[in-house]
Amino acid sequence: MSRRVSGSRSRQNLPERGESAVPEGAIPGIVVRAFGKFFVVHIDDDRELLSTVRGGLKRRQRGTDLVAVGDRVLVTDVGEGEGRIEFVAPRTRALSRLARLTDDVEQVILANPDQALFLFAVSNPEPHPRLLDRFLVMAESRGLPCLIGVNKIDLDLPTADGDSLARSIFGRYEPAYPVHYISAKTGAGLERLRSALSGKITVVAGPSGAGKSSLLNTLDPTRERQVGAISDATGKGRHTTIATVLHRAADSEATYLADTPGIRALSLQGVDPQSLDRLFPEMRPWLGHCRFANCAHLAEPDCAVRRAAAEGMIDRERYESYAALRRGEDTSE
């Protein structure tokens with residue numbers, strides 16, 4: 001059965017017919033893959049057109065990628081499964097990085113994301129909360145709402161104090177972020193996660209081996225992906241994704257999931273160390289209450305943030321992660 005893209009989302013920020021010299025027959029779509037100068041555009045009737053960009057649009061490129069995965073476009077069907085992109089809608093936001101050998105041109109990893117899902121495993125591979133903290137800082141700095149996914153809860157174990165291993169590690173994030181405890185293998189927790197993803201473009205990122213490909217296969221079984229194996233020697237996953245791809249969830253006409261390699265390199269790109277405290281939601285209630293207006297919350301006297309951490313109102317591990325980042329230490333491994 002054909003699944004149609006929601007009209008309200010597919011036409012968001014797109015011009016009316018006849019505007020901006022867009023041909024009358026142009027069709028709304030979304031870019032789901034990019035191959036150099038070619039782009040795969042998914043259109044309303046559930047087809048995909050391998051498309052190039054109209055020459056007039058190319059002359060407008062200034063300091064960024066003209067077309068990127070996630071862009072809303074109007075495309076003309078030129079036959080034989082091919083298309084021509086006539087118009088690119090303004091982006092609501094973008095995950096991007098500066099191009100190599102230049103400091104004024106950005107490369108867009110994903111256009112128009114609505115939120116991010118950072119996926120980690122309970123074990124195999126061992127989770128590293130400091131890496132998650134860096135992901136969260138990256139998303140906060142770009143105004144991107146976050147979800148945390150804790151996969152492989154079928155491998156969860158009880159701790160000595162009666163808690164579970166998963167919650168002993170990830171429970172500290174629950175006051176600030178939605179945390180989803182799931183198993184892509186058994187299906188546990190997936191219905192609640194599907195609801196949180198519904199109708200949105202979600203960036204999916206996390207360490208290799210955490211189960212991103214398995215989760216995407218579960219949410220979109222129409223796509224075949226290689227599931228990365230875990231190296232017995234190192235306990236780390238082998239990379240299986242080499243370029244951003246936008247996948248549509250099988251049970252929703254407007255839910256997209258973006259597998260985004262290279263997002264780890266964005267962790268602290270463009271983040272001002274002096275604004276780092278505002279990127280930790282738990283700290284915000286205490287900001288502005290320190291003795292010094294420019295308090296770094298490291299060793300200054302009468303620091304409200306350090307006092308809150310000492311009294312348990314800010315999770316101690318989260319504070320230590322902030323302090324390490326503020327000092328410029330890379331403790332994500």
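Predicted model: local features only at pLDDT ≥ 70, side-chain atom pairs only at ≥ 80, totals over all residues.
Local features are given only at pLDDT of at least 70 and side-chain atom pairs only at pLDDT 80 or more, whereas totals for chains, interfaces and linings use all residues. Residues are numbered from 1 along each chain as its sequence is written, and side-chain values use heavy atoms, with hydrogens and water left out.

Overview. Of its 333 residues, 48% are buried, where buried means under 20% relative accessible area, exposed over 50%, and partly exposed in between (1.4 Å probe, protein chains only). The exposed surface comes to about 16000 Å², of which carbon and sulfur atoms supply 49%; accessible areas come from the Shrake-Rupley method with a 1.4 Å probe, and for residues only the protein chains shown count as cover. Among contacts (heavy atoms within 4.5 Å) with a separation of 6 or more, 63% are between residues 24 or more positions apart.

**Close-up 1. Helix α3, residues 129–141.** The end C-alpha atoms of α3 lie 18 Å apart, which agrees with the 18 Å that its 13 residues should span at 1.5 Å a residue; the expected span is 1.5 Å times one less than the number of residues. Because 10 of these 13 residues are buried, α3 is largely enclosed by the rest of the structure. The buried residues are L131, L132, D133, R134, F135, L136, V137, M138, A139 and E140. Just after the helix, G143 takes a positive phi of about 65°.

**Close-up 2. The cis peptide bond between N124 and P125.** Omega of this bond is about 5°. P125 sits in the loop between β8 (115–121) and α3. Most peptide bonds are trans, and most residues other than glycine have a negative phi.

**Close-up 3. K152, a residue other than glycine with a positive phi.** Phi of K152 is about 65°. The residue belongs to the loop between β9 (146–151) and α4 (165–170). K152 counts as buried because its relative accessibility is 16%.

**Close-up 4. D302, a residue other than glycine with a positive phi.** Phi of D302 is about 55°. D302 is placed in the loop between β13 (256–259) and α7 (304–310). With a relative accessibility of 41%, D302 counts as partly exposed.

How values were computed:
Helix = DSSP H or I, 4+ residues; strand = E, 2+ residues; numbered from the N terminus.
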